[in-house]
Structure formats: C-alpha cells, structure tokens
Amino acid sequence: MMPRLSTGRFRGATHEPGPRPIALLLIGLALAALTWRETLAVGEAGIDPSWRAGLHMAAHSDLAWGRDVIFTFGPLGFLEHPTAWFIDTSTLALAYTFLARVALATVLWSIARPAFGRAGAALTVLAVMPFVLHPVSALVFAAALWLLAGERRDRDVYAFALGTGVLAGVGLLVKLNTGVLVTAMGLVAVACAARSLPRQLGAYAATVLAAVAAGWLATGQSFGDLDDYARNATEIVSGYSGAMLRTGATWHFVVVAGVLALAAYGVWDAFRDRPARRRAGALAMTLLLAFVAFKNAFVRHDLGHVVEYFSLMLPALLAIPWRPGRRALGFAGVTVSVMLAILVVHRWPHDVINPFDSARTAWNDVTRAVWPGEAADTRDDSVASVREARPLDPATLALLDGQTVHVEPYEAAVAWAYDLDWKPLPVFQSYQAYTARLDRINADTLARPSAPSRVLLAPGVGADPRVPGWESPAAVQALLCRYRPLGRQGDAWLVLGRTANRCGEERPIGSREARWGEPVAVPPASAEGLVTVRIAGVEPGAAERLRAVLFKGHERRVTLDGEDTHPLVPETVENGLLLHAPETVELPAPFTRAPGPRTIAVQRGGGGSGTLRYEFFLVPVERP
C-alpha cells in the first residue's frame with residue numbers, strides 16, 4: 001500500500017514541523033546503516049582490485065601524480081575505495097564514504113518528506129540508496145536543487161558555494177571526471193541562485209581552487225605536476241570512449257529514456273513557478289547529470305557498468321521537489337525506476353535491498369576500522385587472499401629482492417602483498433594506455449636510467465581479449481629491446497631484468513592498401529629484427545570523435561590469419577603494432593608478445609568507407 005503523501009506546499013513547508021537537527025542526523029545515520037554497501041572489503045587479486053590497490057600504494061609513496069602515475073583517479077582517489085590495503089588509507093576512505101552516505105541519506109529524506117511523508121520518504125531512500133556508487137555527486141545535485149527551489153538568503157548561497165566548492169576541489173583530486181561533474185553542477189547552481197553574481201561566483205571559484213591546492217599539497221604533490229595530472233587523466237577519459245567498447249541489451253536504452261523523461265518532466269514541472277533562470281539551471285543540471293550517468297553506464301555496456309546510470313539517476317528522482325499534484329507520480333516513478341534497475345542488473349530484490357544485512361555489514365566495517373586488532377586482521381586477510389590467488393615462489397622472490405619492480409600487464413596488488421619495491425610505469429595497467437601519447441609515455445619511461453630494474457610479467461592481457469603485444473604497443477617494443485628474461489615460475493610469471501638497448505632505428509620494408517575488412521599479407525618474420533605495422537586510416541575522424549564525446553566511438557576489430565579476431569585500440573596503432581619478433585628478443589610461451597600472423601585485416605563497427613594503408617617496418621635487433 002502506498003504511504004500517505006504529504007500535502008505540503010512546493011516551497012517545502014508542511015503541516016508538521018521538521019525534525020530537530022539531532023533527530024535528523026539520527027534518521028540519516030539509520031538510513032545510511034540500513035542501506036550500507038560492503039565497503040571495507042578484503043583485498044583480492046584481479047584487474048579492478050589491482051588498480052584500487054595501486055591508488056592506496058601510490059598514496060604511501062613519493063610518486064608524482066600525472067608524471068609517475070597516470071589515471072583518471074588522483075592522489076585522493078583511494079578515498080572512493082576503502083579496501084583493506086593499508087590501515088590508515090582504508091580508514092580514511094571508510095570515513096569519507098561514511099560521511100558522504102550519511103549526508104546523502106539525510107538530505108534525500110529531508111527533501112522527500114514533504115512530498116511523500118515520513119514513511120514514504122524512508123521507504124524510497126531505503127530502496128534508492130543501495131544503488132548509489134557516487135554519493136558526493138548525488139549529494140551536490142540534491143543540494144543544488146534545494147538551493148534553486150526556494151527564495152534563499154545570501155548566506156544560504158554562500159554556504160552552498162563554500163560547501164560545494166570544497167567537495168568539488170576534493171572531487172577533482174579523487175577522480176577527475178567526477179570532480180568536473182560536481183564542479184559544473186555547483187557552478188550552474190550558484191550562477192542561477194546568486195543575487196550578487198560576481199561575489200558569490202568568485203567565492204565558489206576561490207573555494208574550489210583553494211581545496212584543490214590544499215589537497216594537492218597535503219598529498220605531497222608538486223604544483224608543477226598539476227597540469228600533467230589534468231592533461232593525462234583527460235587522455236584516459238577520452239581514449240576510454242574509443243577503446244573499452246561493449247554492447248549490451250537494446251531494451252536498456254528504453255529504460256534509460258524513461259527514467260530521463262521522468263526526471264526532466266519532474267524538474268520542469270516542479271520549477272514552473274520559479275524564475276526562468278532557476279528553472280533553466282535545474283533542468284540543465286538534470287541533463288548534465290543524466291549525460292554523465294549515461295556515459296558511465298553505456299560506453300562499456302555490461303552489467304558491471306550499467307548500474308552506474310541508476311547510481312546517479314535514482315537519487316536524482318528523489319531530490320526533485322515534487323509539486324502537490326505530482327507527488328503520486330513521483331512516488332510511483334521512483335518505485336518503478338527501482339524495479340527496472342533491479343531487472344536491468346539481473347539481481348533479486350532481496351540481494352539489492354536488504355536492510356538487515358546492510359546494517360550488519362555497516363557494523364562489521366566500523367569495528368574492523370576502529371578496533372586496531374580487527375583492522376590488522378583484515379589487512380592480513382587481504383595479504384593472504386592475494387598471495388593465494390597469485391603466489392610467488394622463493395626463486396622468483398629472490399630475483400625481485402632489492403629491485404624496483406613493475407608488474408605487467410596489471411596485478412599491482414601482487415607488489416603490495418609481497419612488499420616489493422613497486423616502481424610502476426605511469427599507466428600502470430597497460431590496457432589503459434588508450435592513446436598514442438599515453439603509450440609513448442610508458443615507452444619513454446622504460447628507456448630512462450630510472451626505469452624499473454625488474455618487470456614481473458604474467459601472461460594474458462587486460463579487460464578484453466586483445467593481442468598481448470598490442471597493449472601499449474610502443475612500451476611492448478621498448479620492453480623487448482631493453483629487458484631480458486631472468487627466470488620464470490612455470491606459466492604463471494616471467495621475471496625480466498633490465499639490459500642495454502638492443503634495437504636500432506626502424507626502417508620501412510613495404511606497404512599495402514586495402515579496404516576495411518580486406519586481408520593483407522604480412523611480411524615474413526626476420527632474424528634481423530622486429531616486424532611492425534602502422535595502419536593509416538584506422539583512427540577516428542572528426543565526426544566519430546564527436547560521436548565518442550556524446551556516446552562512444554565505433555569498435556575496431558582485427559582478424560589475424562582469417563580466423564583469430566581481437567578488439568583493436570585505434571588511437572595507438574600509429575605507434576606500430578608488433579607482428580614478428582626474432583628469438584633473440586621474443587619471450588617464451590605463454591608470455592610471447594608477437595602474434596606472428598601471415599595476414600591481417602581490420603574491420604570497423606558500423607562499416608567503413610575508404611581505404612587503409614598498411615606500412616610495414618623492420619626494427620633491427622643486435623645479435624648476441
């Protein structure tokens with residue numbers, strides 16, 4: 001049965017007074033506990049756990065963000081991932097997550113109460129909060145709608161500008177693209193609510209900059225690296241839309257359109273009596289939030305990412321100040337949207353919304369973080385988990401002892417679990433070197449005297465079954481030229497040690513032209529050196545780059561010998577894809593980097609016009 005909906009006025013007044021601040025805080029605490037997601041997780045091996053481990057490891061080292069470490073996450077990125085890698089960083093991350101979720105639950109309940117009543121607001125918050133992955137973004141959106149919905153005093157605008165400015169500044173150092181979203185929403189809200197536009201916008205901008213500067217210095221960074229952090233993180237964001245493509249169920253887009261239409265209508269209707277500037281601002285923020293949610297969910301369209309859309313849009317529906325005549329619609333819309341979200345992510349309702357399990361998890365997280373013995377035990381469990389999944393034998397550890405180590409192609413968590421001297425390539429998970437520039441940064445790092453003295457190499461590739469030697473292709477060539485095998489642990493690990501550069505300058509050995517999908521003969525393997533190919537015309541054009549900004553690019557796939565098909569990252573092809581390598585530098589199976597094809601063909605999703613030009617090169621290698 002639907003809870004009784006309040007008949008309070010649009011401006012937030014109800015016939016019953018709101019709870020006192022202490023009572024409101026207790027309500028927020030209870031709702032956060034009853035919707036808690038397992039956050040203080042035990043560390044594990046794997047692609048995603050390893051980059052999260054890398055965030056915590058970098059926070060414990062002297063690595064420079066933007067130069068030594070390149071990621072969309074920044075020096076405070078560990079705050080979003082309170083896994084038990086280190087006691088101090090995991091405790092800080094848990095506190096950050098706890099405060100953000102309590103604040104969001106409190107604000108959502110406060111906004112929903114006038115429309116849905118106390119019980120209805122509690123039920124909707126209990127249903128929505130388990131989906132929330134980014135509480136700060138949702139919190140700023142909800143606070144911004146509140147600011148625009150009423151006749152606020154100057155001090156309210158200043159309070160919002162200062163509070164959101166701090167969140168935006170911290171957010172830019174947690175994860176760049178999320179921070180940009182929060183900064184943009186704050187900017188729109190202040191601009192549309194301000195009475196003294198220059199002063200209040202100035203206060204907001206100054207707070208954002210001060211928060212960025214304070215956070216950057218507090219994490220031991222140099223201002224000289226701030227530009228590199230922003231530029232290189234932006235390259236990963238832009239490259240992601242052309243590299244990490246995956247397509248899911250078409251009907252998901254119908255659900256997305258329905259949720260967006262409901263949110264846009266609710267905001268437009270709720271603000272119809274507000275000044276045009278505020279109404280336009282509220283709608284602009286809603287569309288901006290929906291766009292970011294859509295990109296997060298559907299560039300890589302799988303069950304692990306599609307939940308990102310509901311993570312932002314479900315709390316947005318609750319943040320709308322539904323008018324008295326639309327409150328039943330709002331309550332029904334939130335309810336149906338939650339049901340659709342459960343259907344889309346293929347989960348049972350009790351697996352998503354389970355207040356008793358959530359409360360128990362919240363208690364366990366708090367005890368593990370607060371009690372020193374529990375925290376240490378959780379960290380020990382993380383060490384055991386990684387070591388069990390990715391063991392290193394004594395002989396391998398002896399080769400790594402006293403050496404700086406990069407783990408390739410991912411599994412940075414192994415360096416943490418065995419207390420190795422971790423010195424990663426800047427893009428420390430090679431599959432994330434989505435652009436030619438990022439790839440060259442990794443290759444240049446391997447060429448410097450300060451390069452890691454050891455590379456611990458596992459077979460396989462990153463998130464998709466791409467050709468191993470084509471993940472950061474320039475870096476792979478540098479690896480073959482500047483490192484040699486020292487020992488191996490069966491088919492699990494190969495230890496490479498640094499040596500003098502064995503490769504010379506490349507020279508052209510032929511070229512071919514072909515249509516999309518047409519096979520091209522590859523020059524035979526040569527004992528003289530590496531055979532590589534550059535393919536002109538495979539990179540996206542201006543129209544496709546715009547498409548990638550708005551949605552995602554077209555997938556490229558490469559077929560070797562007419563039957564072996566792999567995804568292809570178009571932005572790194574210009575650095576030269578390795579085809580053949582002589583025995584003097586090639587790594588033993590199953591660690592080989594060169595695929596050794598006789599023919600190659602590239603296909604483009606959605607078809608392609610024009611011709612491709614295949615240019616082949618030989619990189620000479622010194623003979624032993």
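**Group meeting: a walk through the predicted model**

A search of the whole structure turns up one disulfide. Keep in mind that this is a predicted model. Let's start with that bond.

Which cysteines form the disulfide? They are Cys481 and Cys503, with their sulfur atoms 1.9 Å apart. A disulfide is a covalent bond between the sulfur atoms of two cysteines. Here the torsion about the S-S bond is about -90 degrees, so the disulfide is left-handed. Where do the two partners sit? Cys481 lies in helix H19, and Cys503 in the loop between strand S5 (493–498) and strand S6 (507–515), so the pair ties together parts that are 22 residues apart in sequence. Buried or exposed? Both Cys481 and Cys503 are buried.

Now look at the helix that holds Cys481. Among the buried residues are Pro473, Val476, Gln477, Leu480 and Arg482.

One more cysteine. Cys192 is buried as well, because its relative accessible area is 10%, and the cut-off for buried is under 20%.

Next, a sheet. How many strands form it? Four strands make an open sheet, in the order S7-S12-S9-S10, and the pairing is antiparallel. Strands of a sheet pair through backbone hydrogen bonds. At the edges are S7 (520–521) and S10 (564–568), each pairing on one side only. S9 and S10 pair over five bridges, in the antiparallel sense. Find Arg557: opposite this residue stands Pro567 in S10.

Stay around S9 for a moment. His554 is in the loop between helix H20 (542–550) and strand S9 (556–560). What does the His554 side chain reach? The side chain reaches the backbone oxygen of Gly605, at 3.2 Å. Set aside neighbours within four places in sequence, and His554 is in contact with Leu245, Glu544, Arg547, Arg604 and Gly605.

Last stop: Tyr158. This residue is in helix H5, residues 154–174. Its relative accessible area is 29%, so Tyr158 counts as partly exposed. Which residues does Tyr158 touch, not counting those up to four places away in sequence? Arg199, Gln200 and Ala203. For a sense of scale, take Tyr158 and Leu425. They are 267 residues apart along the chain, and their C-alpha atoms are separated by 43 Å.

To recap: one disulfide in the whole structure, a buried helix H19 around Cys481, and a four-strand open sheet. Questions are welcome.

How values were computed. Residues numbered from 1 in each chain as written. Predicted model: local features only at pLDDT ≥ 70, side-chain atom pairs only at ≥ 80, totals over all residues. Heavy atoms only, no water. Helix = DSSP H or I, 4+ residues; strand = E, 2+ residues; numbered from the N terminus. Polar contact = N/O pair within 3.5 Å; in protein donor to acceptor, adjacent residues only side chain to side chain. Contact = heavy atoms within 4.5 Å. Buried < 20%, exposed > 50% of the residue type's maximum accessible area, 1.4 Å probe, protein only. Disulfide = S-S within 2.5 Å. Pairing = 2+ DSSP bridges.
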